[in-house]
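Please keep the model open while you read this note. Check each point against the atoms as you go.

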Amino acid sequence: MSALGGHSFVKMNGLGNAIVVVDMRARPVPVPPEEARAAAGPRGVPYDQMMALYPPRTPGTDAFVRVFNNDGSESGACGNGTRCIAALYFEKTGMDAVTFETAAGLLPCWKADRAGLVTVDMGAPRFRWNEIPLAEEFQDTRAIALQIGPIDAPILHSPSVVNVGNPHAIFWVEDVDAYDLGRIGPMLENHPIFPERANISLVAVKSRQHLVVRTWERGAGLTKACGSAACAAAVAAARTRRADRSVTVTLPGGDLFIEWRAADDHVLMTGPVEFEYEGRFDPALFQDTPAEA
């Protein structure tokens, strides 16, 4: 029996980052990668990430969430998607705060001071080479030896790398639109230095409180907004003394406010969400995918 065939969904977005939410708590069967990929296809509901909600595994949490990219692979966390499911919980329950568990850990969420905005605590970033992870040891991950293009005139080089729920590589540039990220992104995402692939971001520092970011998202491609990439860019900018610990990050879809909290090193992401529509997956989408036992 298909996990998603005939199943209801909610289509949302966070700054244009296309999100589909499916509540699997009533029938908590695994979603196979083939079905996640089919659901995102042209005849399905094209998305960047799908957030599949399951019964809580840890006391004090509201749900366990599996995060699927549109290629069927899984992601550790999705900041924009987490804001979306938090907003759904707030609307349906009247609660002001929730905590979700993902493969990346616990993600507390709460209503921000400004109406319509949601804050997610993305946890503490990880900097060690084997935590990101990288395929070889680098003592200093603020800039690693990686470049694309001719040795004597590389197109991009010396990225900062960090894990904020997912592996991220941040290339510092003057103009994020001056590069063909749709061509460069896949090569860098799949570079051998990243055994679990990586999100690739171009980041321009406009001031100590303002960054501009474009991202090629691992497993999803070019995106209007990647919340964990915004967090990674903010952390890397502060760590390399390019910016302060609280910044506005401008993405193609709009602005996120990121604070790398000094008290506990946790990264807080605040931004809007948008509800689009509800529907049900056509069972015909999954006729050629392996059935769940």
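Predicted model: local features only at pLDDT ≥ 70, side-chain atom pairs only at ≥ 80, totals over all residues.

The points below cover pockets, cysteines and salt bridges, in that order.

1. Now the largest pocket. Its space comes to about 220 Å³. The lining has 14 residues, and the closest to the pocket's centre are Val-10, Asp-23, Arg-25, Leu-88 and Lys-92. By class, 8 lining residues are nonpolar, 2 are polar and 4 are charged.

2. Which elements build that lining? At least two residues each come from β1 (8-14), β2 (17-23) and α2 (79-93). The largest share belongs to α2, with 5 residues.

3. The second largest pocket has a volume of about 150 Å³. Its lining includes Ala-87, Phe-90 and Glu-91, as well as Lys-111, Arg-114 and Val-273. Two or more residues come from each of α2 and β8 (117-121). Here α2 again gives the most, with 3 residues. The classes split into 7 nonpolar, 1 polar and 3 charged residues.

4. How many disulfides does the structure hold? The count is 0. Two cysteines show why. The sulfur of Cys-78 has its closest cysteine sulfur in Cys-226, 7.0 Å away, so the gap is too far for a bond. A disulfide needs the two sulfur atoms within 2.5 Å. For Cys-109, the closest cysteine sulfur is in Cys-84, at 11 Å, which is also too far for a bond.

5. Are Cys-78 and Cys-109 buried or exposed? Cys-78 counts as buried because its relative accessibility is 4%. Cys-109 is buried too, at 1%.

6. Salt bridges number 14 in this structure. Take Arg-245 and Asp-265 as one example: their side chains meet at 3.1 Å, N to O. This pair links distant parts of the chain, 20 residues apart. Arg-245 sits in the loop between α4 (227-239) and β16 (246-251), while Asp-265 sits in the loop between β17 (254-260) and β18 (267-272). Both are partly exposed: Arg-245 has a relative accessible area of 32%, and Asp-265 has 34%.

7. Two further pairs deserve a look. Asp-264 bridges to Arg-261, with the closest N and O atoms 2.7 Å apart. Asp-264 is partly exposed at 35% relative accessibility, and Arg-261 is partly exposed at 25%. Asp-180 pairs with Arg-183, where the closest N and O atoms are 4.0 Å apart. Asp-180 is partly exposed at 45%, and Arg-183 also has 45%.

Note on methods
Residues numbered from 1 in each chain as written. Heavy atoms only, no water. 1 Å grid on protein atoms, 1.4 Å probe; cavity = no way out; pocket = protein on both sides within 12 Å on 5 of 7 lines; lining within 4 Å. Points joined across faces, edges and corners; volume = space filled by probe spheres on them. Helix = DSSP H or I, 4+ residues; strand = E, 2+ residues; numbered from the N terminus. Nonpolar A, V, L, I, M, F, W, Y, C, P; charged D, E, K, R; others polar. Buried < 20%, exposed > 50% of the residue type's maximum accessible area, 1.4 Å probe, protein only.
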